Amino acid sequence: MPARSDNYIFLGHDPATGFRFVVDPADAEPVWAALAGQRLDAILNTHHHGDHVGGNLALKDATGCTIIGPAADRDRIPGIDRAVADGDTVMLGSLAAQVMDVPGHTRGHIAYYAAAAQALFCGDTMFALGCGRLFEGTPAQMWAALTRFRALPDATRVYCAHEYTESNLRFAEHLLPGDPALAAYGAEIRAKRAHGLPTVPALIGVERAASPFLRADEAGMAARLGLPPGSDAVTIFAEIRSRKDRF
C-alpha cells in the first residue's frame with residue numbers, strides 16, 4: 001500500500017488461520033481501505049520513525065491488534081505490546097518470522113524474516129540498490145546488517161519501506177559506470193516506473209549482484225573509488241554511503 005510521498009505499508013494474510021498483520025503503518029487510512037472491514041491481528045514495527053509508526057494507535061484503538069516492535073527502541077514505539085530482539089520468533093498465524101537486530105539507520109532497528117514465505121521486511125535498513133541513512137548508527141553496524149541480508153537465499157523478496165529505487169539507480173550508475181550487473185536491472189527498474197509500477201519487492205540475488213552497498217568487499221572496489229589498496233570493507237562502505245549522502 002503506498003502512503004505519504006514514497007512510503008510502502010505491507011499487509012500480510014495467513015490463509016490457514018485468517019491472521020492479518022501490517023508492517024510499518026505510516027498512516028491508518030490506507031490500511032483501513034485495504035482491510036475493507038476485515039480483522040487486523042498485529043502490527044509489526046521495524047523502527048520508531050513517524051512514517052513507520054504513525055498509524056499505530058489509531059489501528060490499535062479500532063481493532064485491538066497487538067503491536068510488536070524492537071526491544072532496544074520500546075520507549076519510542078507508540079502502543080507497543082511486545083518487544084522483540086535478535087533471534088526471537090514472531091508467529092503470524094502459522095507463519096514464523098525471525099527477528100533480526102539490524103541497527104544503523106536507528107539504534108533499535110529490527111527486521112522480520114519469514115523463510116517459508118521467502119520474505120524480508122527490512123524497514124529502512126536496506127532499499128533496492130540502496131540502504132538507509134546512518135542517523136543513529138555507525139558504518140560498521142550498517143555493513144554488518146547488510147551482510148546478514150545478502151546471505152539470505154537469492155529468491156528472498158525484500159519488502160523495503162520506500163520507493164527510492166530510481167534515485168538509487170542514478171547514484172549506482174554514477175558510482176559504477178558501465179557496470180554490467182546494473183545494466184539489465186536498470187532497464188527493468190525504468191520500465192516499471194515508466195508504467196507506474198512499484199520496484200518493491202526486490203530480490204536478494206539481484207541486489208547482491210548489483211547494489212554497490214552490498215559490494216563493499218568486492219575485489220577492486222577500493223580502487224574504483226580511489227581508496228588506498230587494502231582498505232577494509234567498512235571503510236569502503238562508509239565511503240559509498242558518504243558519497244550517496246552528497247549525491
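Modeller: Two strands count as paired if DSSP finds at least two bridges between them. The model is a predicted one. On that criterion, 6 strands make up an open sheet with mixed pairing, and their order is β8-β9-β10-β11-β14-β15. β8 (89–92) and β15 (202–203) have a single partner strand each, so they stand at the edges and one side of each is left without a neighbour in the sheet.

Biologist: In what sense does β11 pair with β14, and over how many bridges?

Modeller: Strand β14 (residues 157–160) and β11 pair in the parallel sense, over 4 bridges. Within this pair, A119 stands opposite R157 in β14, and G123 stands opposite C160 in β14. Strand β10 (residues 110–114) runs antiparallel to β11, to which 3 bridges join it. Here Y112 is placed opposite F121 in β11. β10 and β11 form a hairpin with 4 residues between them, and Q118 in the turn has a positive phi of about 55 degrees.

Biologist: Which helix lies across β9, β10 and β11?

Modeller: Helix α4 (residues 139–150) does, running at about 150 degrees to β9 (95–101).

Biologist: What is the order of the strands in the sheet that holds β3 and β7?

Modeller: That open sheet has 5 strands in the order β3-β4-β5-β6-β7, with mixed pairing. Its edge strands, β3 (10–14) and β7 (82–84), each pair on one side only. On average, neighbouring strands of this sheet are turned by 25 degrees against each other, direction ignored. One of its pairs consists of strand β5 (residues 42–44) and strand β6 (residues 66–70), which pair in the parallel sense over 3 bridges. In that pair A42 stands opposite T66 in β6.

Biologist: How does one describe two packed helices?

Modeller: The description rests on the angle between their axes and the distance between the axes. For helix α5 (residues 165–175) and helix α9 (residues 233–246), the axes come within 11 Å and cross at roughly 120 degrees. α5 and α9 are therefore oblique to each other. The crossing in which α5 passes α9 is right-handed. Its contact is made by S167, N168, F171 and L175 of α5 together with I240, R243 and K244 of α9.

Biologist: How many disulfides does a search of the whole structure find?

Modeller: The search finds 0 disulfides. A disulfide requires two cysteine sulfur atoms within 2.5 Å. C160 is in no disulfide, as the nearest cysteine sulfur, that of C122, is 5.2 Å away.

Biologist: Are C131 and C160 buried or exposed?

Modeller: A residue counts as buried under 20% relative accessible area. C131 is buried, since its relative accessible area is 6%. C160 is likewise buried, with a value of 1%.

Terms used: Residues numbered from 1 in each chain as written. Predicted model: local features only at pLDDT ≥ 70, side-chain atom pairs only at ≥ 80, totals over all residues. Heavy atoms only, no water. Buried < 20%, exposed > 50% of the residue type's maximum accessible area, 1.4 Å probe, protein only. Helix = DSSP H or I, 4+ residues; strand = E, 2+ residues; numbered from the N terminus. Axes fitted to C-alpha atoms, helices over the stretch in contact; angles between N-to-C directions. Parallel < 35°, antiparallel > 145°, perpendicular 65-115°, else oblique. Left-handed = near helix turned anticlockwise from the far one by under 90°. Contact = heavy atoms within 4.5 Å.
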